[in-house]
Amino acid sequence: MSILELHAFPASPPSRAVHMALDLLGLEYKYVDVEVAVLDGATRTPEYLSMNPQHTVPVLTDGNLVITESRAAMTYLVSQHKPGQLYPACAKKRSQIDQRLYFNIGTFYQRMRDCVHPVCFGKTKTVPEEKKEALKEALMWTNQMASCGYVLGNSMTIADVDFLATYSTLEACDFINLAPYKNLKVWAARMKQQIPKYTENCGKGAAGFGDWFNGNYSKE
């Protein structure tokens with residue numbers, strides 16, 4: 001039987017999402033930390049490119065299967081290895097979870113990324129106000145989603161894990177006031193208690209991302 005292998009960069013929110021999912025599901029896996037490779041450009045080596053031509057992280061392998069998108073990796077892990085309420089077989093329920101996953105990648109995570117990545121990569125030292133406002137709008141919607149305790153109803157799904165990777169990064173970067181989003185604050189506290197090895201698999205990586213961002217950020 002093949003052993004799952006996760007190639008990941010701890011500071012990367014998508015990497016942390018898959019890492020949390022693996023332990024939440026209680027799966028056996030090998031973790032390959034590619035932080036040095038990412039920072040040194042080694043994800044562009046022929047060996048890495050043969051696995052993922054897009055030279056991005058994370059990459060999940062299961063035998064000959066290679067998955068290079070974090071949300072596809074998480075839904076695969078549940079469907080293939082631990083079917084259940086985190087990503088149910090019911091097509092109607094899955095459609096709602098998929099909506100949340102697509103919202104995160106296309107709106108919530110993307111708007112956070114628009115704010116922080118230019119600072120992290122030294123292109124600017126500030127975050128334009130219009131980008132902050134766009135992120136606040138996404139936070140408002142996300143806060144509404146969490147009104148019943150989780151981002152979809154009253155039980156955890158794989159979407160909660162995905163959102164937590166984004167939200168924990170925002171907390172660590174600390175450039176926007178999260179106090180108005182009370183549902184998210186309660187939700188995040190609950191998730192951090194329910195996710196196994198949260199500090200190791202997400203908290204430390206989020207803090208590292210925050211240090212990276214704040215090392216270049218100039219508060220106006």
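**Exercise 1. Which handedness does the β-α-β unit made by S1, H1 and S2 have?**

This is a predicted model: local features need pLDDT of at least 70, side-chain atom pairs count only at pLDDT 80 or more, and totals for chains, interfaces and linings use all residues. Residues are numbered from 1 along each chain as its sequence is written, and side-chain values use heavy atoms, with hydrogens and water left out.

Solution. 
- Step 1: Set the elements. Helices (H or I, at least four residues) and strands (E, at least two) are DSSP runs, numbered from the N terminus. Strand S1 covers residues 4–8 and strand S2 residues 29–33. Helix H1 covers residues 13–24.
- Step 2: Check the pairing. Two strands pair if DSSP finds at least two bridges between them. S1 and S2 run parallel and are joined by five bridges. Glu5 stands opposite Lys30 in S2.
- Step 3: Apply the test. A crossover is right-handed if, with the strands pointing away from the viewer, the path from the first strand over the helix to the second runs clockwise. The unit of S1, H1 and S2 is right-handed.

**Exercise 2. Determine whether Ser15 is buried or exposed, and list what Ser15 touches.**

Solution. 
- Step 1: Locate the residue. Ser15 is part of helix H1.
- Step 2: Compare with the cut-offs. Buried means under 20% relative accessible area, exposed over 50%, partly exposed in between (1.4 Å probe, protein chains only). Ser15 has 1% relative accessibility, so Ser15 is buried.
- Step 3: List the contacts (heavy atoms within 4.5 Å). Leaving out residues up to four places away in sequence, Ser15 touches Leu6, Ala8, Phe9, Val57 and Pro58.
- Step 4: Look at two of these partners. Val57 and Pro58 are joined by a cis peptide bond, with omega about 0°. Pro58 sits in the loop between helix H3 (46–51) and strand S3 (59–62).

**Exercise 3. Classify the aromatic pair of Phe103 and Trp141, then that of Tyr167 and Trp187.**

Solution. 
- Step 1: State the rule. Rings of Phe, Tyr and Trp (its six-membered ring) pair if their centres lie within 6.5 Å; planes under 30 degrees apart count as stacked, over 60 as edge-to-face and the rest as tilted. The structure holds nine such pairs.
- Step 2: Take Phe103 and Trp141. Their centres are 6.4 Å apart, with 70° between the planes: edge-to-face. Phe103 is in helix H5 (residues 91–120) and Trp141 in helix H6 (residues 129–145), so the pair ties together parts that are 38 residues apart in sequence. Phe103 is buried at 13% relative accessibility, whereas Trp141 is partly exposed at 30%.
- Step 3: Take Tyr167 and Trp187. Ring centres lie 5.9 Å apart and the planes meet at 75°, so this pair is edge-to-face. Tyr167 belongs to helix H7 (residues 158–173) and Trp187 to helix H8 (residues 182–194), so the pair ties together parts that are 20 residues apart in sequence. Tyr167 is buried at 2%, and Trp187 is buried at 1%.
- Step 4: Find the cluster. Ring pairs link Phe103, Phe108, Trp141 and Phe163.
- Step 5: Thr142 lies in helix H6 and is buried at 0%. Beyond residues up to four places away in sequence, Thr142 touches Phe103, Phe108, Phe163 and Leu184.

**Exercise 4. Which residues have the most contacts inside the largest nonpolar core?**

Solution. 
- Step 1: Define the core. A nonpolar core is a set of buried Ala, Val, Leu, Ile, Met, Phe, Trp, Tyr and Cys residues joined through side-chain atoms within 4.5 Å.
- Step 2: The largest core has 68 residues, and Phe175 and Trp187 have the most contacts inside it. H5 gives the largest share of this core, ten residues.
- Step 3: Inspect Trp187. Among the residues it touches are Ala146, Tyr150, Phe163 and Tyr167.

**Exercise 5. Find the charged ends that sit over the rings of Tyr109 and Tyr150.**

Solution. 
- Step 1: NZ of Lys or CZ of Arg must be within 6 Å of the ring centre and within 35 degrees of the ring normal.
- Step 2: Name the partners. Arg71 sits over Tyr109, 5.7 Å from the ring centre. Arg190 sits over Tyr150, 5.5 Å from the ring centre.

**Exercise 6. What is the phi of Asp174, and what is that of Lys197?**

Solution. 
- Step 1: Recall the background. Most residues other than glycine have a negative phi.
- Step 2: Read the values. Asp174 has a positive phi of about 55°. Lys197 has a positive phi near 55°.
- Step 3: Asp174 is in the loop between H7 and H8 and is partly exposed at 49%. Lys197 is in the loop between H8 and helix H9 (198–214).
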